[in-house]
Every structure is written in structure tokens, then in C-alpha cells.
Amino acid sequence: MLVMGILVWRRRTYDREARQPFTGLPLRLPGQWCREKAERLTERAFGRYMVIVLVGSGLATGCLFAPSGHRLSLLGGMLLAAMALAAWMGWSAEKEIREASGYRLGAAGEQVIARELDRLMATGHRVLHDVPFGSWNIDHVVVGPTGIFAVETKTWRKANRRGRPEIAFDGESLRRGGGPPDRRPVEQARRNAASLGKWIAEATAEAVPVVPVLAIPGWFVTIQRSSDVAVYSGKGMSEHLPKRGKARLLPEQIQRIAFQLARRCAADEAPAGRAS
């Protein structure tokens with residue numbers, strides 16, 4: 001286990017020190033933030049398991065070399081302390097593993113939506129993924145002749161039961177499979193669009209309205225009421241999204257806005273957190 005810990009540490013050191021062969025930084029990939037977060041959580045959980053093993057080994061070694069008269073009492077005290085530490089470490093590691101699994105699922109969903117959105121590039125649109133904004137990110141940004149779209153992807157597991165995995169949208173909240181209404185994804189999509197519009201106005205002097213979009217891959221979406229937020233299941237999204245645009249952009253405007261977004265996507269570091 002010690003050897004594995006050294007290997008993990010050496011890999012992180014090498015990644016920091018390795019010099020890339022290209023001069024310009026590549027654009028961020030779909031789901032990159034989620035994948036990086038999942039990797040960090042998995043490494044942290046692995047480290048906690050290593051601590052459990054090392055503490056257990058230290059306990060056994062200490063009892064082996066302890067004086068015979070105090071060995072029993074020492075064993076009892078150390079065993080209680082080791083059990084408490086192992087329980088806390090194990091609980092934390094399991095929590096991080098579950099969290100990492102959720103981030104990996106999120107990355108897979110973003111890749112599905114990215115493949116759909118990339119089709120728009122054949123019709124004069126520019127599509128960028130995983131756009132960082134300090135402590136959070138926007139999953140996808142589409143810039144085209146009909147305007148700008150900030151796309152937030154939500155990837156949810158389906159329940160292990162038969163039936164149609166359906167999400168109902170009433171214009172303000174989502175309801176999954178008859179569950180309680182959830183306004184948080186809708187509010188997040190609106191915040192993303194507002195923040196992106198403000199940044200674009202500052203970076204390019206182009207005051208262009210940004211359409212908030214929610215993409216929910218793998219689910220059937222039922223629209224019960226119209227809204228400023230566009231909600232899609234992912235399928236056919238590239239065909240219908242441009243129709244929700246709120247502007248008319250010339251090719252040179254699209255180029256200017258996309259250029260500034262590309263510079264932002266070429267950031268050397270991933271965002272430290274994510275808007276909830």
C-alpha cells in the first residue's frame with residue numbers, strides 16, 4: 001500500500017511538471033470538469049483505505065513488540081482507536097466513491113449532449129464545451145445565427161422499475177417520475193445564461209441575450225407550459241435549438257464571441273467548484 005501511495009504522489013508530481021509539446025492550450029472537452037472531479041475523489045478515497053491498512057499494520061506491529069505485561073491493555077486501547085478511525089475513514093471513502101460515480105455519470109451525459117450539439121457546426125454554429133467561470137462552469141455554449149445558448153446538462157439515473165422514464169416541465173420546475181417538483185436545475189440554467197450574457201457584453205461589447213437551456217439525456221420530457229428555459233431530452237436537440245434563439249448574429253459577431261469563449265476554454269486549470 002505504501003508503494004501505491006508513492007506511485008499516486010509521483011503521478012501527480014509528474015503531471016504538474018510535465019511540459020506539453022504544443023504551444024497553444026487545447027479547448028476543454030465535454031465533461032472534463034466532471035471527470036477530473038471524479039478522479040480526485042477516487043484518489044482521495046483510495047488514500048483513506050490506505051490509511052486504514054497502515055493503521056492496522058501499525059497496531060499489529062506495536063502489539064507484537066509491546067512488553068508482555070502491558071500487551072493486553074495496550075491492544076484493547078489501540079484496537080478501539082483503530083476501529084473508530086477505520087469506521088470514519090471507511091464511511092468517508094464510501095461517500096467519495098458514490099460521489100465520484102455521480103460525476104462519471106455526469107461526464108457521460110455531457111458527452112452524449114456534446115455529440116448532438118456538435119452537429120450544429122455544419123450550419124454555421126460554434127459549439128464550446130465545459131466553459132470555466134471561476135468556481136463553476138457551463139457545460140456547453142452554442143453561438144449561432146439565431147443567438148447564444150447556455151446549455152446545462154443534467155444526467156439522472158433511472159429507477160429500477162418498468163415504465164416510461166418521464167420528466168414533466170411546468171415552466172418553473174421539473175418533476176421526475178411523479179416525484180416532487182425541483183426548481184434548482186431551472187434556476188441554475190437561468191443563472192448560467194445571465195452570467196454568460198454579462199461576461200460576453202464585457203468581453204466583446206456585444207449585448208446579446210442568452211437563452212437558458214436544460215438537456216436531460218435518456219429521459220422523455222413533457223412540456224406542460226412554455227418558459228424562457230428550453231428543456232430537451234437530447235434527441236433532435238440540434239434541429240430544434242436554433243428556433244429558440246432571441247437574436248440575429250452576423251458571421252463576424254459569431255466569430256468575435258466564439259473567439260473570446262475559446263480563450264476562456266483554453267484555461268490551464270479546471271474550475272475549483274460548481275454552481276449548485
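Please keep in mind that the model is predicted. The protein chain has 276 residues, of which 42% count as buried, and its secondary structure comes to 6 helices and 9 strands.

**Overall picture**

- Among contacts in the protein chain with a separation of 6 or more, 69% come from residues 24 or more positions apart.
- The protein chain has an accessible surface of about 15,700 Å², and carbon and sulfur atoms hold 58% of that area.

- Strand E1, which spans residues 126–133, contains Asp 130.
- Asp 130 counts as buried because its relative accessibility is 0%.
- A polar contact of 2.7 Å joins the side chain of Asp 130 to the side chain of Arg 28.
- Leaving out residues up to four places away in sequence, Asp 130 touches a set of residues including Arg 28, Leu 29, Gly 31, Gln 32 and Trp 33. Glu 110, Asn 137, Ile 138 and Asp 139 are also touched by Asp 130.
- Arg 28 is itself buried, with a relative accessible area of 6%, and forms a salt bridge with Glu 36 in which the closest N and O atoms are 3.6 Å apart.
- Glu 36 is partly exposed, at a relative accessible area of 23%.

**Aromatic rings**

- A pair of aromatic rings is described by the distance of the centres and the angle of the planes.
- The structure holds 2 aromatic pairs. In one of them, the ring centres of Phe 133 and Trp 136 lie 5.1 Å apart with the planes at 20°, so this pair is stacked.
- Phe 133 is buried at 9% relative accessibility, and Trp 136 is buried with a relative accessible area of 16%.
- Phe 133 also pairs with Trp 199: their ring centres are 5.9 Å apart and their planes stand at 80°, so the arrangement is edge-to-face.
- Because Phe 133 lies in strand E1 and Trp 199 in helix H4 (residues 184–204), this pair ties together parts that are 66 residues apart in sequence.
- Trp 199 is buried, as is Phe 133.
- Taken together, ring pairs link Phe 133, Trp 136 and Trp 199 into a cluster.

**Salt bridges**

- Side chains of opposite charge can pair when their charged atoms come close.
- The whole structure contains 11 salt bridges.
- Glu 172 and Arg 190 form one of them, with the closest N and O atoms 2.9 Å apart. Glu 172 sits in the loop between strand E4 (166–169) and strand E5 (174–176) while Arg 190 belongs to helix H4, so the pair ties together parts that are 18 residues apart in sequence.
- Both partners are partly exposed: Glu 172 has a relative accessible area of 33%, and Arg 190 has 23%.
- A network of salt bridges links Glu 172, Arg 183, Glu 187, Arg 190 and Asp 228.
- Glu 206 and Arg 256 meet through their side chains in another salt bridge, at 2.5 Å from N to O. Since Glu 206 lies in the loop between H4 and strand E7 (210–215) and Arg 256 in helix H6 (residues 251–265), the pair ties together parts that are 50 residues apart in sequence.
- Glu 206 is buried, with a relative accessible area of 11%, whereas Arg 256 is partly exposed at 39% relative accessibility.

**Surface patch**

- Leu 79, Leu 80 and Met 83 form a nonpolar patch on the surface, and together they have about 320 Å² of accessible area.
- Met 83 is found in helix H3, which covers residues 71–117.

Conventions
Residues are numbered from 1 along each chain as its sequence is written. This is a predicted model: local features need pLDDT of at least 70, side-chain atom pairs count only at pLDDT 80 or more; totals for chains, interfaces and linings use all residues. Side-chain values use heavy atoms; hydrogens and water are left out. Patches are made of residues with over 30% relative accessible area and no salt bridge: like charges are joined within 9 Å, nonpolar side chains (Val, Leu, Ile, Met, Phe, Trp, Tyr) within 5 Å. Accessible areas come from the Shrake-Rupley method with a 1.4 Å probe; for residues, only the protein chains shown count as cover. A salt bridge is a side-chain nitrogen of Lys or Arg within 4 Å of a carboxyl oxygen of Asp or Glu. Helices (H or I, at least four residues) and strands (E, at least two) are DSSP runs, numbered from the N terminus. Buried means under 20% relative accessible area, exposed over 50%, partly exposed in between (1.4 Å probe, protein chains only). A polar contact is a pair of N or O atoms within 3.5 Å; within protein, one must be able to donate a hydrogen and the other to accept it, and residues adjacent in sequence count only if both atoms are side-chain atoms. Contact means heavy atoms within 4.5 Å. Rings of Phe, Tyr and Trp (its six-membered ring) pair if their centres lie within 6.5 Å; planes under 30 degrees apart count as stacked, over 60 as edge-to-face and the rest as tilted.
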